[in-house]
Amino acid sequence: MAGMPGPHDIGGKKFGGGQGGGAKNAGAVPRGEHVFAAWENRVDAMQRLLGGGGRKVYCIDELRRAIESLPPKDYFSLTYYERWVRALDMLLVEKGVLTRAEIDGRLAALRPR
Amino acid sequence: MAHDHDPPAPVDGGDHPPTEYELLERALRELLIEKGVFTAEDVRRTIDDWDTRTPANGGKVVARAWTDPEYKARLLADSKAAIEELGFDVGPAPQIVVLENTPQRHHVVVCTLCSCYPRTLLGLPPDWYKSKEYRSRVVAEPRAVLKEFGTEVPDDVEIKVVDSTADLRYLVLPARPAGTEGLSEDELAALVTRDCMVGVTNASAPG
């Protein structure tokens, strides 16, 4: 672990390039803003309910650790709330609140066929 | 498996089939509700509660600081207490620090590691604040990034970039625009945008 920053640690980071260098600053800041979809607001709300208030299933640092432990390719390709819902999934199983089998079973039932 | 007690999830953004992540959200939510971890009403209430947290809250804090020098002194000395004075619940954990823009120094806020943001005062952070581009570049070339937001900071003004954490969040107190001497506190508050409280823009006079 030590000395190996996760994919989240990008302050000042340059991207791209190969072994010979050539990494560059990321491009222009994308300025489009989307109105959060209902499911994104629900993820935000669930995070608040689980991480704060009286329930305290996990603390904020545990949420961050879960997000930061996503594989780098997922970290950068997923949207913000996609990362969050993956982190919630991970934490709920780790904490024994839900089991992997329960989640997979419900997903199978919900998946359109 | 039938879930006749649970109405179908609202369709988001039109007619696309739900993505894997939308399904995962629904699966987790349904299971947590069934286990009594929280109720559907808790989820609705939390969303409604957070809908009330908008940049207008931060605007009230800034406008008060612009019009009441004693308040401003308290705000800069103990930001959390001064914000709570105006009735905003900052919550137990995060410390909030308000940083004043001056003719010598311009502040800009980032969270390089994630998306920490003074949500109580500004609402949910916008997409660009959470983007790889903003997070990686604003600490390395802040003037170039601010220019993309239309903000030219003169060379003799120092830019201080502050990196938020889960426990310490920053709000910028922008400079009061010239020509606003006659405005009321409410009129001033309306000039205070989200972006100027993050420090990527300045507040400007109406018109």
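View 1. Apart from its neighbours within four places in sequence, B:Asn101 is in contact (heavy atoms within 4.5 Å) with B:His106, B:His107, B:Val172, B:Leu173, B:Pro174 and B:Ala175. B:Asn101 sits in the loop that lies between strand 1 (95–100) and strand 2 (105–110) of chain B; strands are DSSP runs of E with at least two residues, helices are runs of H or I with at least four, and both are numbered from the N terminus. The side chain of B:Asn101 reaches the backbone nitrogen of B:His107 at 2.7 Å. B:Asn101 counts as buried because its relative accessibility is 6%; buried means under 20% relative accessible area, exposed over 50%, and partly exposed in between, with a 1.4 Å probe and protein chains only.

**View 2. Position of A:Asp104 in chain A.** A:Asp104 is part of helix 5 (residues 100–110) of chain A. With a relative accessibility of 38%, A:Asp104 counts as partly exposed. A:Gly16 is 88 residues away from A:Asp104 along the chain, and their C-alpha atoms are separated by 36 Å.

**View 3. Domains and elements of chain B.** The domain assignment, which is automatic or from a database, gives domain 1 (20–51) and domain 2 (55–198) in chain B. The centres of these two domains, taken over C-alpha atoms, are 32 Å apart. Chain B has 10 helices and 4 strands, in the order α-α-α-α-α-β-β-α-α-α-β-β-α-α from the N terminus on. Along the principal axes, the C-alpha atoms of chain B fill a box of roughly 65 × 35 × 35 Å.

**View 4. Burial, surface and charge in chain B.** Of the 207 residues in chain B, 51% are buried. Contacts between residues at least 6 apart in sequence join residues at least 24 apart in 63% of cases. The accessible surface of chain B, by the Shrake-Rupley method with a 1.4 Å probe, comes to about 9500 Å², and 52% of this belongs to carbon and sulfur atoms. Chain B carries 23 positive charges (Lys and Arg) and 36 negative charges (Asp and Glu), with His and the chain ends not counted.

**Notes.** Residues are numbered from 1 along each chain as its sequence is written, and chains are lettered from A and ligands numbered from 1 in the order in which they are written. In this predicted model local features need pLDDT of at least 70, side-chain atom pairs count only at pLDDT 80 or more, and totals for chains, interfaces and linings use all residues, while side-chain values use heavy atoms, with hydrogens and water left out.

Methods
Charge placed at Lys NZ, Arg CZ, Asp CG, Glu CD. Polar contact = N/O pair within 3.5 Å; in protein donor to acceptor, adjacent residues only side chain to side chain.
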